[in-house]
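Biologist: Please show me the structure, and then we can go through it in questions and answers.

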Protein chains: 2
Amino acid sequence: MLEVLQQHLAQNLPFLKDKKLLLATSGGIDSMVLVHLFQQLGYDISIAHCNFGLRGVESDGDEQFIRNYASQNNIPSFVTHFDTNTFANDAKVSIQIAARQLRYIWFEELLQEHGLDYLLTAHHLDDSIETFLINFTRGTGLEGLTGIPQQNGNIVRPLLPFGRTQIEGYATQHNIQWREDSSNASDKYLRNKLRHHVVPILKSLNGGFEASFTNTLNHLQQAKSMADDAAALVFKQVIRDYGSYKHIDITQLKRLPNYKAYLYYWLSPMGFTAWDDIYNLADAQPGKYVLSGDYRLLKDRDFLVLEMVSGYDSGIYEIEENVQKTTIPIGLKLENVHYFEQNHTKNIIFVNKELIKFPLFVRKWKEGDYFYPFGMKGLKKKVSKYFKDEKFSLSDKENTWLLCSGEDIIWVVGHRADNRFRVTENTTQILKIAFLQE
Amino acid sequence: MLEVLQQHLAQNLPFLKDKKLLLATSGGIDSMVLVHLFQQLGYDISIAHCNFGLRGVESDGDEQFIRNYASQNNIPSFVTHFDTNTFANDAKVSIQIAARQLRYIWFEELLQEHGLDYLLTAHHLDDSIETFLINFTRGTGLEGLTGIPQQNGNIVRPLLPFGRTQIEGYATQHNIQWREDSSNASDKYLRNKLRHHVVPILKSLNGGFEASFTNTLNHLQQAKSMADDAAALVFKQVIRDYGSYKHIDITQLKRLPNYKAYLYYWLSPMGFTAWDDIYNLADAQPGKYVLSGDYRLLKDRDFLVLEMVSGYDSGIYEIEENVQKTTIPIGLKLENVHYFEQNHTKNIIFVNKELIKFPLFVRKWKEGDYFYPFGMKGLKKKVSKYFKDEKFSLSDKENTWLLCSGEDIIWVVGHRADNRFRVTENTTQILKIAFLQE
């Protein structure tokens with residue numbers, strides 16, 4: 001497995017070489033094999049462990065196990081505790097989502113504070129198989145069948161080509177110790193049910209199932225990229241984008257024999273579900289419309305007009321000076337700190353607190369908005385142009401929030417900070433702002 | 001179920017109304033429900049039953065059951081016997097493929113001889129679920145996950161929206177009799193294993209699984225149509241088609257970030273499998289090449305040259321006058337008959353035997369080939385133009401055979417006959433030729 005991983009890293013993840021890697025480590029077999037492999041390969045690694053406090057002494061045992069392993073192996077380690085139940089209650093999300101949110105924000109903080117380059121997780125082929133089957137069981141589109149991505153920004157999953165059997169084989173061969181998570185044995189979660197009852201049958205029906213599945217994923221990812229190409233080309237012919245609303249040209253649209261496919265592609269991320277009504281709208285009386293939770297698709301004479309439902313996005317939310325955390329309309333964590341990172345990540349920025357005026361405002365973009373994208377040498381850019389260049393989908397644009405000081409944009413939240421509020425060596429008051437994404 | 005079917009027929013299959021329908025009827029629950037439904041709806045139906053002689057007295061019992069049902073219900077019926085084992089041996093195909101080949105040719109003959117319009121089969125949603133899972137288990141591309149098509153020429157599957165449970169419910173409610181096929185209970189076939197062991201779990205995990213699966217299929221079919229659009233657009237930019245060989249422009253190709261997706265889309269139907277070698281070929285030394293069974297992809301200076309491997313397709317096969325059946329290079333059945341159909345189907349044509357010269361020749365197309373497509377009022381057309389207009393893929397072209405009398409094309413086999421050899425009211429010697437497709 002070590003040689004195959006080495007080859008995989010050289011071919012597909014060469015940028016990890018000579019980088020500082022943070023390994024997310026629960027103490028389970030997958031992450032302990034990940035750590036062992038990267039020790040053998042001689043990469044510069046640290047490990048990070050979260051104690052979510054969800055399984056009492058078992059959780060504390062996991063933590064102790066990681067602390068011991070790190071000290072015995074001379075690996076720098078980071079450990080933190082979360083009150084996951086309280087956070088889930090406050091944020092009104094499930095325990096699983098709360099745990100994910102908490103750990104990824106913390107991982108990102110660690111990367112920044114300690115100058116580490118990439119977070120590695122131990123997701124493997126069987127996780128992708130299970131994700132495929134979860135989405136398939138619930139109903140999905142092509143994107144739900146393309147597996148777990150190998151890379152998402154600075155999060156990399158180097159074990160995706162390897163199945164659970166290989167990982168177990170490696171663990172046995174190298175006498176690797178790990179902690180069994182008692183919740184893995186339960187059938188409480190859909191994932192576990194599929195893992196225990198469906199995947200074994202599929203593997204028994206085709207001895208080469210794992211390799212076949214890898215090929216299937218590749219082919220589906222390729223087909224997805226082709227559908228994306230078609231959507232981008234057709235978008236230009238069919239849609240005029242006026243920022244807060246769009247015109248879909250009905251004549252152009254209906255030239256496409258499969259125009260329903262394109263409507264589905266564009267409109268499904270906005271929460272539309274009444275597909276028959278939408279497909280019929282092109283031939284309906286002017287004035288007819290279809291609503292999703294947040295959007296309206298209106299039949300005009302020659303166009304379908306797509307816009308957000310009035311009142312939804314027009315809110316302007318204030319953040320007072322000493323607020324440390326917001327949950328409405330989005331989760332932000334604000335913290336006075338005495339360090340900063342020159343390079344912002346997508347979800348954490350550092351700003352010069354002396355330059356901003358409280359209360360801050362959180363709002364959606366409007367026609368005419370501009371900012372000075374961080375890292376673009378002070379160039380001014382329209383927000384609409386920024387969205388276009390970054391290939392935002394229709395719904396991406398409408399779902400993106402701006403953090404503002406007066407009329408000035410501080411942050412296109414979750415995407416790009418403004419250069420005007422950047423921290424320099426001479427800044428004395430630094431505000432760190434983190435976006436707690438769902 | 002009857003009302004839903006009625007609605008489905010009106011919305012999606014309106015062309016069946018007032019047509020003469022032939023119902024493929026094994027005697028099993030699915031086909032007996034199909035027959036009962038179309039009786040209730042008052043369509044003009046006949047039923048066709050094949051006795052494949054594979055289950056001895058059980059097969060004969062099925063046949064007797066159908067004969068009784070038809071006579072008791074005053075439904076015109078057709079019954080035939082096949083020596084499936086002998087045919088499978090002769091044609092060197094599996095029993096299942098032999099049975100499919102035999103029955104579909106016979107169904108097509110029935111449609112023609114009796115002036116019937118459509119063949120209906122009883123395939124339903126669970127067949128699509130099983131087909132999805134079979135392909136998924138073995139490894140597949142997007143096209144393998146898009147289910148059983150609703151229509152294929154004159155074959156229509158009106159029960160695809162309905163699950164097995166609904167069909168069983170309808171059978172119970174209406175006290176419908178059917179014959180149980182003992183081989184359905186066995187786990188000998190992959191399909192049965194998935195039906196008995198995987199599908200029930202998926203249904204238990206999501207009570208609405210059937211509806212979710214229907215949505216998934218729709219979304220995947222839509223994504224497939226978008227990938228097809230992208231491939232057609234990019235084809236024009238990247239490939240020059242010289243008939244027997246093609247130039248893929250490497251510079252144009254490599255402008256596409258996902259050019260591998262397009263290479264896979266075009267080349268996989270030709271049997272290529274060495275994808276890494278193919279993907280690397282664009283950067284390789286001129287003269288390097290990759291082979292599939294039948295094709296070669298050669299690196300030229302600025303192009304990848306795709307052509308059939310010399311010797312594969314250049315064969316010219318003779319058919320002597322009194323031959324009744326050929327198997328090499330393709331299966332053809334030749335028969336002197338005393339009737340004919342004006343409208344050819346894809347797989348059966350009627351020609352004026354007095355106008356053709358024996359031996360006939362079977363060969364692949366070559367640059368400069370032309371014919372007079374049947375139904376085009378005597379217009380002459382280049383075969384290359386015909387392929388283009390009919391949207392033949394690269395491999396479709398190379399896999400298509402021509403049946404010729406001297407240099408004159410009688411039939412683009414499986415696609416279009418030539419007008420010059422058509423049968424008229426005055427023709428005295430009629431030759432019926434059927435293509436026994438794999």
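**Helix crossing and chain interface**

Modeller: The crossing of H2(A) and H7(A) is left-handed, a term for a near helix turned anticlockwise from the far one by less than a right angle (right-handed if clockwise). Helices are DSSP runs of H or I with at least four residues, numbered from the N terminus. This is a predicted model: local features need pLDDT of at least 70, side-chain atom pairs count only at pLDDT 80 or more, and totals for chains, interfaces and linings use all residues. Residues are numbered from 1 along each chain as written, chains are lettered from A in the order written, and side-chain values use heavy atoms without hydrogens and water.

Biologist: Which residues of H7(A) make the contact with H2(A)?

Modeller: Contact means heavy atoms within 4.5 Å. From H2(A), A:Ile29, A:Asp30, A:Val33, A:His36, A:Leu37 and A:Gln40 take part. The H7(A) residues are A:Ile167, A:Glu168, A:Tyr170 and A:Ala171.

Biologist: How many salt bridges does the rule find across the interface of chain B and chain A?

Modeller: The contact takes 41 residues from chain B and 41 residues from chain A. A salt bridge needs a side-chain nitrogen of Lys or Arg within 4 Å of a carboxyl oxygen of Asp or Glu. Across this interface of chain B and chain A, the number found by the rule is zero.

Biologist: Which helix gives the largest share of the side of chain B that touches chain A?

Modeller: Helices H6 (125–138), H8 (190–205), H9 (209–238) and H11 (259–267) of chain B each supply at least two residues of that side. The largest share, 15 residues, comes from H9(B).
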